[in-house]
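Student: I would like to go through this structure label by label, setting each computed value against the rule behind it. Please begin with the rule for the handedness of a helix crossing.

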Amino acid sequence: MPTYADIREARVHGRMAEAQPDRVTMRLLVIEDDRDAADYLVKAFREVGHVADAANDGEDGLAMALDGKYDVLIVDRMLPKRDGLSVIGTLRDKGIETPALILSALGQVDDRVKGLRAGGDDYLPKPYSFTELLARTEVLARRRRGRTEETVLRVGDLELDRLSHQVRRGAEEISLQPREFRLLEYLMQHAGQVVTRTMLLENVWDYHFDPQTNVIDVHISRLRSKIDKGFSQPLLHTVRGAGYMIRDGAR
Amino acid sequence: MTALGKLFRTTTFKLTLVYLTVFALFAAFLLGYFALNTRRLITEQITDTVNAEITGLSEQYRLGGIRRLVVVVDNRARRPGSSLYLVTTFNGQALAGNVTALAPGILDNPGWTETVYHRIDEGETSEHAAHEALVRVFQLPGGFRLLVGRDLDERERLYRIVLSAGRWSVAIVVVLGLLGGFLVTRRVLRRVDAMTETTRTIMTGDLSGRLPVAGTGDELDRLAGNLNAMLERIEALMHGLKEVSDNIAHDLKTPLTRLRNRSEEALRTAKSEAEYRAALESTIEESEGLIRTFNALLMIARAESGQARDGMSEFDASEIANDVGELYEPLAEEKGIALKVEAQTPTKVRGNRELVSQALANLVDNAIKYAQPAGTGANGAIPEIVVRAFNEDDRIMLTVADSGPGIPAADRSRAVERFVRLEQSRCQPGSGLGLSLASAVARLHGGELSLQDNNPGLKSVIALPRGGPVQSAG
């Protein structure tokens with residue numbers, strides 16, 4: 001089970017590929033007017049092996065994003081010269097579909113809806129943890145690289161058929177509750193990527209609030225007991241301090 | 001500003017002046033109309049009488065000649081209150097009649113004239129003023145002229161009486177109107193001044209002040225009553241705000257202090273990297289708790305201020321009950337609690353699905369937190385939490401019933417008040433704001449959260465009006 005500390009260590013020792021084999025380097029643009037926050041993000045992204053640039057106001061950010069060389073944009077909602085939503089709106093008008101993640105101090109439901117409507121692809125209220133931001137950014141980047149809507153998802157010997165709603169591991173049929181099925185489906189769609197508890201709550205349950213107790217953990221452990229119990233090779237991993245990842249450990 | 005000047009500038013006084021002018025003009029018009037008509041009527045009567053007499057006298061002349069006419073005229077002229085008569089020859093010599101001193105040339109113009117005259121019996125002395133009369137001169141055959149007239153004194157006297165009555169009444173209207181206006185204005189001004197004075201005291205910070213209510217139930221009283229109700233609400237809000245800031249201070253300062261203490265302790269005592277790491281991790285954990293509390297507080301504040309009314313739509317409460325039940329069921333099971341959902345369909349309600357879900361989730365979360373561990377329930381049975389959704393009259397109810405220790409009856413109503421937290425809940429993990437948030441969400445929807453006895457345990461009830469909040473609520 002790799003933690004980000006492990007990943008960082010691995011990178012420091014040049015063992016990045018070993019820590020997370022299917023991680024691909026992303027090109028990121030951070031548009032954030034708070035220089036400290038921007039520097040912190042750029043540094044943190046570089047540390048885990050990505051390429052990151054920073055812009056300190058909306059106009060600069062727009063100009064840089066217009067090049068379209070980036071995989072993901074990380075856009076603060078409130079920016080000098082040009083509002084974050086307007087930056088994204090302008091890009092979309094010009095046909096530039098680079099995925100954008102909005103950072104905002106306004107964490108309310110309707111603000112998030114506004115952000116997504118303006119062309120944002122994800123929304124993260126401040127203060128956020130870097131692991132959460134990283135996990136979401138990687139999901140967006142992969143979506144950009146194009147994910148075909150496969151009908152059968154496979155991780156190792158685990159197989160999920162989205163049409164017949166059947167799950168099997170090896171030769172064994174696994175029976176799942178509808179919600180467990182959706183949970184596993186989401187995890188397998190993002191196989192090899194860290195998926196945070198908030199992401200699961202948002203995408204599997206469609207809730208955008210904090211349920212106080214970590215109810216997700218219990219759902220995960222139920223799912224784990226169904227798909228991993230009795231198999232020598234565990235597939236569903238806990239990433240300490242971040243979330244979960246489904247991954248074929250044998251690769 | 002002088003007191004009088006202030007008085008004249010008031011709305012009441014201006015209104016009084018307008019009404020006064022209207023009434024005075026009306027009175028003058030009415031009396032003038034009356035006077036003119038009376039005068040016209042009297043004149044008509046006079047001409048009728050005179051015409052009739054002339055007809056009669058010319059008939060006498062036709063029958064008996066000038067001699068008979070003179071006799072008749074003399075006769076009539078001597079009666080008291082008689083008309084005026086004069087019969088002359090063609091060259092103006094008087095033959096009979098009771099008038100003299102006519103203006104010269106009158107007899108030459110047959111027809112109607114208004115003229116000054118003296119009666120013969122009065123003589124032409126100065127103590128008897130000249131009278132006015134309306135006369136008609138009639139040319140008789142044979143060159144004789146007949147003059148018949150009536151005195152106009154009566155008419156003029158009546159006219160004068162009406163005119164002077166008119167002048168007096170207008171004067172009285174003006175005086176009384178001004179006086180009344182002044183008094184009413186002064187009374188209103190006094191009450192408004194008292195209100196202004198009180199308002200000023202209140203504005204300087206004494207929110208306990210209230211406007212005086214005279215008890216007459218007039219519009220000023222209603223205004224004062226409404227302003228007082230508003231002050232009541234403001235005072236309650238201010239009080240709430242103070243309580244809120246105290247609670248926020250407590251909820252945020254306690255973990256901040258803990259955070260700081262741990263960091264300081266780590267700086268002081270940590271020796272290895274592992275110890276530093278552990279301290280940093282606990283710092284992050286603590287800050288996550290802080291963020292959670294802060295978010296909950298913001299959410300409550302938003303719900304309380306009614307800002308979240310935008311995102312309302314129709315949804316089925318039973319779905320929420322099922323979803324939330326499904327979300328928490330594994331957690332309950334892990335703790336040895338049976339979580340059941342009994343949802344009636346349809347239970348359609350208008351509101352914010354996300355917020356209602358969050359409120360219900362908080363209640364379930366609370367119930368799980370406070371439920372007795374397995375085996376310690378009554379008779380060693382498995383403790384149970386039941387989530388229900390059902391219709392009741394024009395409301396939909398979402399209830400969460402547990403068999404935990406409950407909340408003492410005395411604390412129950414206090415527990416759902418804005419931001420109030422019972423002492424024991426402050427020690428529990430989590431933001432501890434679950435009840436406050438659920439209550440704020442219920443109020444946002446025009447409903448309420450109530451806590452009831454579940455014998456044993458606690459039953460939390462969210463009641464929501466089916467049609468969503470009435471806009472005036474809150």
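Tutor: A crossing is left-handed if the near helix is turned anticlockwise from the far one by less than a right angle, and right-handed if clockwise. This is a predicted model, in which local features need pLDDT of at least 70 and side-chain atom pairs count only at pLDDT 80 or more, while totals for chains, interfaces and linings use all residues. Residues are numbered from 1 along each chain as its sequence is written, and chains are lettered from A and ligands numbered from 1 in the order in which they are written.

Student: What makes the crossing of H8(A) and H9(A) left-handed or right-handed?

Tutor: The crossing of helix H8 (residues 178-189) and helix H9 (residues 197-204) of chain A is right-handed, which means that the near helix is turned clockwise from the far one. Helices here are DSSP runs (H or I, at least four residues; strands are E, at least two), numbered from the N terminus.

Student: Why are H8(A) and H9(A) called oblique to each other?

Tutor: The two helices pack at an angle of about 125°, with their axes 10 Å apart, the axes being lines fitted to C-alpha atoms over the stretch in contact and the angles running from 0 to 180 degrees between N-to-C directions. Angles under 35 degrees count as roughly parallel, over 145 as roughly antiparallel, 65 to 115 as roughly perpendicular and the rest as oblique, so H8(A) and H9(A) are oblique.

Student: Which residues make that contact?

Tutor: H8(A) brings A:Arg179, A:Arg182, A:Leu183 and A:Tyr186, and these meet A:Leu200, A:Asn203 and A:Val204 of H9(A); residues are in contact if their C-beta atoms, placed from the backbone, lie within 7 Å. The contact has 4 nonpolar, 1 polar and 2 charged residues (nonpolar: Ala, Val, Leu, Ile, Met, Phe, Trp, Tyr, Cys and Pro; charged: Asp, Glu, Lys and Arg; polar: the others, Gly among them).

Student: What makes the pairing of H8(A) with H10(A) roughly perpendicular?

Tutor: H8(A) and H10(A) pack at an angle of about 85°, with their axes 11 Å apart, and this angle therefore makes the pair roughly perpendicular. From H8(A) come A:Glu180, A:Leu183 and A:Leu184, and from H10(A) come A:His219, A:Arg222, A:Leu223 and A:Ile227. By class, this contact has 4 nonpolar, 1 polar and 2 charged residues.

Student: What makes A:Asp206 stand out in its backbone, and is it buried or exposed?

Tutor: A:Asp206 lies in the loop between H9 and H10 of chain A and has a positive phi of about 60° although it is not a glycine. Most residues other than glycine have a negative phi, and most peptide bonds are trans. A residue is buried if 20 or more other C-beta atoms lie within 10 Å of its own, exposed if 12 or fewer, and partly exposed in between; A:Asp206 has 11 such atoms, so this residue is exposed. In H9(A), by contrast, A:Thr198, A:Met199, A:Leu200, A:Leu201 and A:Val204 are buried.

Student: Why is A:Lys81 called partly exposed?

Tutor: A:Lys81 has 14 other C-beta atoms within 10 Å, and so this residue is partly exposed. It lies in the loop between strand E3 (72-76) and helix H5 (84-93) of chain A, and has a positive phi of about 70° although it is not a glycine.

Student: Where are cis peptide bonds found?

Tutor: One joins A:Lys126 and A:Pro127, with omega about -5°, and A:Pro127 sits in the loop between strand E5 (122-125) and helix H7 (130-144) of chain A. Another joins B:Thr345 and B:Pro346, with omega about -10°, and B:Pro346 is in the loop between strand E8 (338-343) and strand E9 (348-351) of chain B.

Student: Which residues touch the most other members of the largest nonpolar core?

Tutor: A nonpolar core is a set of buried Ala, Val, Leu, Ile, Met, Phe, Trp, Tyr and Cys residues joined through C-beta atoms within 7 Å. In the largest, of 110 residues, those touching the most other members are A:Val30, A:Ile74, B:Ala359, B:Leu360, B:Val364, B:Ile385 and B:Val441. Helix H7 (residues 353-370) of chain B gives this core its largest share, 9 residues.

Student: How many residues of each chain meet the other?

Tutor: 18 residues of chain A are in contact with 21 residues of chain B. On the side of chain A that touches chain B, H10(A) gives the most, with 4 residues.

Technical notes:
Two residues are in contact if their C-beta atoms, placed from the backbone, lie within 7 Å.
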